[in-house]
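Please read them with the coordinates open.

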Amino acid sequence: MKNFLKKYWWIFAIIIVLVGIAGGILFSKREQILNSTIAKIVASQRQQNQLEIKIEQAHFKGLSTVHFGKISIVPMQKDTLLSIRDFEVRVKLLPLLFGDVKLAAVKLYDGKLTFITRHGVKNYDFLFKER
């Protein structure tokens, strides 16, 4: 075994360098990935549930925390359903490496959820429609 390691140590070094480079590229592109994912979700919710979702700020704080600022969800031509000043989500890193997302912490600051019925029109109808 020692002979094998002495002879092929450079293979392990190359693998470690390649993994480091791939990790660095992903780390530098994570803001772009976050913004494109949010854009896809907002577009799909606009089409599927007629929701106007606005997120003014979205960025990473540290290695495993995502911070969202000034979030609002408004059903089309209805009253505001949800407004949040600040929202933070922290995930556990080890399960994430294996593709399993587990939350470590969720912090919500100044959130307001409003269910309104006016003249038979509800701002939460989309929650009960069949898919």
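**Notes on the predicted model**

1. Phenylalanine 68 is a buried residue, its relative accessible area being 15%. The cut-off for that label is under 20%. The model is a predicted one, and every value below is computed from it.

2. Phenylalanine 68 has phenylalanine 87 in β3 as its bridge partner. The two rings also make an aromatic pair of the tilted kind, with 6.2 Å from centre to centre and 35° between the planes. Because phenylalanine 68 belongs to strand β2 and phenylalanine 87 to strand β3, the pair ties together parts that are 19 residues apart in sequence. Phenylalanine 87 is partly exposed, at a relative accessible area of 22%.

3. How many aromatic pairs does a search of the whole structure find? The search gives two. Besides the pair of phenylalanine 68 and phenylalanine 87, there is one between phenylalanine 115 and tyrosine 124; its ring centres are 5.1 Å apart and its planes are at 80°, so this pair is edge-to-face. Planes over 60 degrees apart fall in that class. Tyrosine 124 has 18% relative accessibility and therefore counts as buried.

4. The sheet is open and has four strands, in the order β1-β2-β3-β4, with antiparallel pairing. β1 (51–61) and β4 are the edge strands, and each of them pairs on one side only. From one strand to the next the twist averages 15°.

5. Histidine 59 is the residue opposite histidine 67 in β2. The two strands form a hairpin with three residues between them, and in the turn glycine 62 takes a positive phi of about 80°.

6. Next come strand β2 (residues 65–75) and strand β3 (residues 82–91), antiparallel and joined by eight bridges. Histidine 67 has glutamate 88 as its bridge partner in β3, and isoleucine 73 has leucine 82. As for burial, β2 is mostly covered, with nine of its 11 residues buried.

7. The pairing of β3 with strand β4 (residues 103–113) is antiparallel as well and extends over nine bridges. Here glutamate 88 stands opposite lysine 107 in β4.

8. Two backbone angles deserve a look. Most residues other than glycine have a negative phi. Lysine 70, which is not a glycine, has a positive phi of about 55°. Where does lysine 70 lie? Its place is in strand β2, and its relative accessible area of 48% makes it partly exposed.

9. Glutamine 77 likewise is not a glycine and has a positive phi of about 55°. Glutamine 77 is found in the loop between β2 and β3, in a hairpin with six residues between the strands. Is glutamine 77 buried or exposed? At a relative accessible area of 82%, glutamine 77 is exposed; the label applies over 50%.

10. The largest pocket holds about 860 Å³ of space. Its lining is made up of 25 residues, and those nearest its centre are Leu34, Thr37, Phe60, Val66 and Phe68. The elements that give two or more residues to this lining are α1 (2–49), β1, β2, β3 and α2 (93–97). Which element gives the largest share? That is α1, with nine residues.

11. By class, the lining of the largest pocket has 22 nonpolar residues, two polar and one charged. Phenylalanine 68 therefore comes up in several of the points above: it is buried at 15%, it is bridged to phenylalanine 87 in β3, and it is among the residues nearest the centre of the largest pocket.

Methods. Residues numbered from 1 in each chain as written. Predicted model: local features only at pLDDT ≥ 70, side-chain atom pairs only at ≥ 80, totals over all residues. Heavy atoms only, no water. Pairing = 2+ DSSP bridges. Axes fitted to C-alpha atoms, helices over the stretch in contact; angles between N-to-C directions. Buried < 20%, exposed > 50% of the residue type's maximum accessible area, 1.4 Å probe, protein only. 1 Å grid on protein atoms, 1.4 Å probe; cavity = no way out; pocket = protein on both sides within 12 Å on 5 of 7 lines; lining within 4 Å. Points joined across faces, edges and corners; volume = space filled by probe spheres on them. Nonpolar A, V, L, I, M, F, W, Y, C, P; charged D, E, K, R; others polar. Phe/Tyr/Trp six-rings, centres within 6.5 Å; stacked < 30°, edge-to-face > 60°.
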